[in-house]
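Here is a short report on one protein model.

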Amino acid sequence: MQHGMKKRRGGAFWAVVTVTLTIVGLVLALSTYEVGRSRSETTHPFGNTTVADRVDLSIWVGKIDPATQTATIEVMAHPRGALADKHGFFTADAIVYTSALKADPIKIKAGQPISAAEVKVVVEGTVTDYPFDAYDSILAFDIFSADRELPISVSIASGDTFFEVTETPAEGVVTGIDVTLHAERSLPSMVFALFIMLLMLGLALAAATACYYVLKGKRGLMFPACSMMGALLFALVPLRNAVPGAPPIGSLIDFTSFFIAEAVISIALVGTVIIGYRVESAREQAELEQKLRAQAAQPRPAHHYLRG
């Protein structure tokens, strides 16, 4: 009876632990989501924000492409004060010069609706540092209207969920504005990539453990263990390609987890098959010799001696 009570208490304890860990994990996951969401929705105005007659530029970072070392951004100009008419359009023609890859300026006609212009800028970083890669870019803007440079203020937001973008304005710029963008992997992307790396190393450890179990016990060819290792060997490729951002082969994630896991599982599989085959052959040879010895030790029939 006491044994049954202890068993029930132990089951209740582990049930409480499981529920507690589940709640804690859920809270951490939602907190991580909230941090990433709040950072992506936060904008900071820079430049001549106190000048009444100015142009507000809304910069939207749509996508950062580490493979091509470019970032796609959308630029939207909003006139303020005396620069805007009653409809909110520019009162005079304006030209926006940017630090985009193409040198063509953005032309704005007076009194016409303003649409966002999509441009690409260069980003600098090392893509093979994934998942710890980071990128920098300089955004420069100047707006002219009737041969006069207009004051500018800028607000920047990012819609690329793979990166967290921070901005730092350059000092000493009077009319135009220069902003340095720094992008690094977002917290959800980093957590997922690290999880995949640990998972690949864990699978390699599982394969090495199975190999050790088979070889130490001289169990010969165990096809369930070989099947498991083969499945793990080919499962690592889609698992590695599932990380966000599609890093190229030869990235840091490969040298710290993927290549190691592939090598360990391959060695474990080949070693299990070769050594297991030798064990099986030696076992069959020993059984055959034992069978022959048993046959030789059996007494011959009586009629065999009578014939002699």
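Val61, Ile64, Ala71, Val123, Tyr135, Asp136, Ser137, Leu181 and Ala183 line the largest cavity. A cavity is a set of points, on a 1 Å grid over the protein atoms alone, where a 1.4 Å probe fits but cannot get out; lining residues have an atom within 4 Å of a point. This cavity has a volume of about 50 Å³. A volume is the space filled by probe spheres set on the points, with grid points joined across faces, edges and corners. A search of the whole structure finds 1 cavity of 30 Å³ or more.

Strand 8 (134-145) gives the largest share of the lining, 3 residues. Strand 2, strand 8 and strand 12 (177-185) each supply at least two. Strands (E, at least two residues) and helices (H or I, at least four) are DSSP runs, numbered from the N terminus.

The model is predicted: local features need pLDDT of at least 70, side-chain atom pairs count only at pLDDT 80 or more, and totals for chains, interfaces and linings use all residues. Residues are numbered from 1 along each chain as its sequence is written, and side-chain values use heavy atoms, with hydrogens and water left out. The pLDDT is the predictor's confidence in each residue, from 0 to 100. The protein chain averages 83, and 86% of the residues score at least 70. Among its elements, helix 5 (residues 302-307) has the lowest mean pLDDT, 54. Strand 7 (residues 124-125) has the highest, 93.

Next come the open spaces. A pocket is an open set of points with protein on both sides within 12 Å along at least five of seven lines. The second largest pocket has a volume of about 160 Å³. Its lining counts 13 residues, and Asp65, Pro66, Ala67, Gly245 and Ala246 lie nearest its centre. Strand 2 gives the most to this lining, with 3 residues.

The table sets out both linings by class.

Now the packing. Which residues have the most contacts inside the largest nonpolar core? They are Leu57, Ile59 and Phe141, in a core of 36 residues. Strand 2 (residues 55-65) gives the most to this core, with 5 residues. Apart from it lies another core, of 24 residues, among them Met197, Ala204, Val214 and Leu269. A nonpolar core is a set of buried Ala, Val, Leu, Ile, Met, Phe, Trp, Tyr and Cys residues joined through side-chain atoms within 4.5 Å. Buried means under 20% relative accessible area, exposed over 50%, partly exposed in between (1.4 Å probe, protein chains only).

Most residues other than glycine have a negative phi, and most peptide bonds are trans. The bond from Tyr130 to Pro131 is cis, with omega near 10°. Pro131 sits in the loop between strand 7 and strand 8. Gln69 has a positive phi, near 55°, and is partly exposed at 24% relative accessible area. Gln69 belongs to the loop between strand 2 and strand 3 (70-79). Ala246 also has a positive phi, about 45°. Ala246 is exposed, at 61%, in the loop between helix 3 (223-241) and helix 4 (252-297).
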